[in-house]
Amino acid sequence: MRFADELKSAVTPRAALLVIGVLALQLLFIASYVGALHNPKPKDVAFGVVAPGDGAQQTADRLKKLPGEPLDPRVVENEGVARHKIMNRDIDGALIVDPRGTTDTLLVASGGGTALSRTLVELTAKVEGAEKRSVKTVDVAPASKQDFNGLSSFYLVVGWCVGGYLCASILAISAGSRAANVPRAVIRLGTMALYSIVGGLGGAIIIGPILGALPGSIMGLWGLGALVIFGVGAITLALQSLTGIVGIGLAVLLVVIAGNPSAGGAFPLPMLPPFWEAIGPWLPPGAGTWVARSIAYFEGNAVTGPLLVLAAWAVLGVAVTIALSARRRSRNSSGSIDLTASGFGKGTA
């Protein structure tokens with residue numbers, strides 16, 4: 001057999017296309033992570049200002065005019081309101097101006113991301129120094145000492161996401177990328193749900209009681225983990241129903257390449273480039289990381305929106321998977337060719 005024939009036999013056109021797809025994913029992975037994280041800068045960080053009389057608005061205006069517009073300052077009534085807004089995740093920090101002295105107070109929340117807290121400290125110190133004033137920092141929601149750089153919640157959610165798309169991928173590889181009928185689709189989704197419950201609990205126990213990396217409700221983290229895993233798994237099953245084995249690559253594109261760098265893990269959302277900041281909250285890693293931090297450090301506040309995002313991914317995945325399975329079954333029942341029987345339907349089971 002000639003070399004050309006050997007090559008055609010060893011690398012089929014379908015395999016060649018898949019290899020090209022893998023190369024594209026590899027390059028996109030590099031571009032997304034480096035593009036999102038190589039030069040983090042604060043931009044329009046929600047920031048409160050507390051000061052008596054007209055001083056509050058004057059201070060806010062001065063902060064608004066900083067080069068690069070790192071802050072989005074707004075006047076807050078008093079320190080108590082500022083603390084409440086930080087705990088409710090409406091703002092990321094606040095400056096409390098003391099008119100009776102030369103030392104002001106900066107409120108931060110390192111539980112929401114230590115990189116952003118450090119940036120606010122450095123930025124405020126520079127601004128105050130220019131005014132011949134000093135600043136002391138108070139951490140309203142401090143990150144755990146076992147949670148280095150506030151990354152534990154992000155890694156936890158990444159692990160859950162990996163479990164979700166890997167479990168769905170294994171179901172496809174072992175039994176065909178497309179479920180042949182609705183009952184089989186429901187079985188796959190049921191398997192995914194059971195895996196999600198176990199995987200969510202395992203992650204919550206490891207991150208909490210075993211390692212002590214995150215405080216907060218174990219039950220809350222368990223529920224979050226189950227939702228993240230199932231949402232990612234369900235959308236992976238849906239993508240496989242649409243495109244076959246290519247759906248695994250699309251899931252990686254959605255969750256890993258687009259979702260992870262925009263999740264606000266290494267650097268909180270206000271420090272990411274505009275595109276990544278915009279898409280992060282709408283993807284499972286970003287929504288999951290936000291909720292995990294809220295459970296751990298912010299008394300479970302401000303989680304409704306992200307939980308709805310995760311639930312929407314789960315519902316969409318279930319609906320598409322079942323709908324396409326029903327459509328496929330309907331086509332076969334109406335007299336179309338049964339590809340499985342004819343040997344061409346290896347992607348359906």
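**Strand and helix exercises**

Strands S1 (residues 45-50) and S3 run parallel and are joined by four bridges. Strands here are DSSP E runs of at least two residues, helices H or I runs of at least four, numbered from the N terminus, and two strands pair if DSSP finds at least two bridges between them.

This is a predicted model, where local features need pLDDT of at least 70, side-chain atom pairs count only at pLDDT 80 or more, and totals for chains, interfaces and linings use all residues. Residues are numbered from 1 along each chain as its sequence is written, and side-chain values use heavy atoms, leaving out hydrogens and water.

**Exercise 1.** Find the partners of S3 (residues 93-96) and work out which way its side chains point.

*Solution.* Now go to strand S4 (residues 103-108), which pairs with S3 in the antiparallel sense over four bridges. There, Leu95 sits opposite Leu106. Six residues lie between S3 and S4 in this hairpin. Last, the side chains: Gly93 and Leu95 point one way, Ala94 and Ile96 the other, and all are buried (under 20% relative accessible area, 1.4 Å probe, protein chains only). In general, side chains of a regular strand alternate between the two sheet faces.

**Exercise 2.** Describe how helix H7 (residues 182-210) packs on helix H8 (residues 218-243).

*Solution.* Take the geometry first: the H7 and H8 axes are 7 Å apart, at an angle of about 140°.

Terms used:
Axes fitted to C-alpha atoms, helices over the stretch in contact; angles between N-to-C directions. Buried < 20%, exposed > 50% of the residue type's maximum accessible area, 1.4 Å probe, protein only.
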